[in-house]
Amino acid sequence: MRKILILLAVNTMALSSLAQVVTDENSRVDSSEVATDVLSIDDIIGEEQQLTQRKLKDRHFKGVWDYRSYLNISFANSKLDPDTPIPLGVGGSENVSKFKSDWGLSLVYGRNYRLHKYPIANTLQFYLDFTSVDLTVAHYKAEDKEFLFDSNNPTMPWCIEKYEASYGMNLGPSVTVAPFNYVAVQGLHYVKLNVYYHLGYHIAGMLLPDNEDADFNRKGQPGYNSDAHDEMKDKTKLAWGHGLTSTFGLSLSWKFIGLGYEHRTSTVRYKAIDTEFFGSDTQKFNSSISRFFIQFRF
């Protein structure tokens with residue numbers, strides 16, 4: 001009986017030891033699995049952070065390449081040069097000279113349309129520009145001569161004081177370079193240089209206020225004709241014209257503000273509104289406008 005009790009005690013101790021070993025092994029496996037689970041969660045968090053950073057970066061550079069509409073307010077310097085000689089109409093054989101404005105203002109509005117979805121190397125973007133508003137007003141002083149027209153010879157008195165207004169639309173390619181997109185300072189990413197060439201068409205009008213003192217046919221002059229003088233004085237001296245334009249320009253901008261310069265050349269064929277009095281002849285002028293502008297982008 002004593003032997004049986006001793007054997008039972010030994011078996012019980014052996015089973016207890018075996019259970020302990022199994023429990024220890026199970027504990028080691030579970031710890032490893034838990035460690036593996038923790039690493040996987042860290043990887044997921046890291047991937048989410050990278051994804052968020054990429055989204056923020058994409059949003060930032062989308063903002064950099066926005067601002068594709070432009071509004072230019074310019075100081076304009078205009079010139080008009082007769083394409084063929086225009087007689088002054090005051091004795092002799094003197095012709096109308098080239099005109100140069102003493103002041104001018106321009107307003108230009110348009111938009112850049114992307115030719116490819118993403119900028120090349122995040123640095124270079126090509127566009128097709130459409131300028132829907134190209135408006136210019138210029139003033140020309142009277143020529144520095146005693147007599148500028150002769151009412152006995154009723155032609156348009158081109159040499160007196162003039163106000164010119166033109167409206168046009170333009171279309172053409174442009175390229176924008178963002179040279180600092182790889183520097184660490186994000187504010188520099190918005191610095192962009194835009195160069196463009198546009199072709200267009202415009203209509204123009206010219207108003208010439210009366211200046212009877214510049215009339216060769218006036219009191220005190222030999223052969224003075226008061227009727228012709230008064231008729232010329234009462235006539236509305238207005239001409240209209242049209243022609244093609246060619247514009248080259250560049251601008252440097254930061255976000256919504258910029259500065260630029262452009263040069264526009266065109267031909268304008270002017271004709272008097274009152275053809276019965278001034279005749280129906282068309283006079284062709286070569287026009288050029290230099291513009292220094294402040295630019296607003298949005």
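Tutor: Buried means under 20% relative accessible area, exposed means over 50%, and partly exposed lies in between, using a 1.4 Å probe and protein chains only. With that scale, Arg 291 counts as buried because its relative accessibility is 0%.

Student: Before we go on, what kind of model is this?

Tutor: This is a predicted model, in which local features need pLDDT of at least 70 and side-chain atom pairs count only at pLDDT 80 or more, while totals for chains, interfaces and linings use all residues. Residues are numbered from 1 along each chain as its sequence is written, and side-chain values use heavy atoms, with hydrogens and water left out.

Student: What does the pLDDT average for the protein chain?

Tutor: pLDDT is the predictor's confidence in each residue, from 0 to 100. The protein chain averages 88, and 87% of the residues score at least 70. Over residues 21–27, however, pLDDT stays under 50, and the model has zero contacts beyond four places in sequence for them, a contact being heavy atoms within 4.5 Å.

Student: How many salt bridges are there?

Tutor: Side chains of opposite charge can pair when their charged atoms come close. A salt bridge is a side-chain nitrogen of Lys or Arg within 4 Å of a carboxyl oxygen of Asp or Glu, and by this rule the count comes to nine. One of them joins Lys 145 to Glu 94, with the closest N and O atoms 2.6 Å apart. Lys 145 lies in the loop between strand 4 (124–140) and strand 5 (162–177), and Glu 94 in the loop between strand 1 (69–82) and strand 2 (99–100), so the pair ties together parts that are 51 residues apart in sequence. Strands (E, at least two residues) and helices (H or I, at least four) are DSSP runs, numbered from the N terminus. Lys 145 is partly exposed at 27% relative accessibility, and Glu 94 is also partly exposed, at 40%.

Student: Which residues does Arg 291 pair with?

Tutor: Arg 291 meets Asp 134 in a salt bridge of 2.7 Å, N to O. Because Arg 291 lies in strand 9 (residues 282–297) and Asp 134 in strand 4, this pair ties together parts that are 157 residues apart in sequence, and both residues are buried. Arg 291 also forms a salt bridge with Glu 262, where the closest N and O atoms are 2.4 Å apart. Here the link runs from strand 9 to strand 8 (residues 257–272), so parts 29 residues apart in sequence are tied together. Glu 262 is buried, with a relative accessible area of 4%. Salt bridges with shared partners join Asp 134, Glu 262, Arg 264 and Arg 291 into one network.

Student: Which residues of the largest nonpolar core touch the most other members?

Tutor: A nonpolar core is a set of buried Ala, Val, Leu, Ile, Met, Phe, Trp, Tyr and Cys residues joined through side-chain atoms within 4.5 Å. In the largest one, of 27 residues, they are Val 96, Phe 99, Met 156, Trp 158, Tyr 270 and Phe 285. Strand 4, strand 6 (191–207), strand 8 and helix 3 (275–278) each supply at least two residues of this core, and strand 8 gives the most, with three.

Student: Where is Lys 271 placed?

Tutor: Lys 271 is in strand 8, and at 28% relative accessibility Lys 271 counts as partly exposed. Lys 271 and Asp 281 are ten residues apart in sequence and 6.4 Å apart in space, C-alpha to C-alpha.
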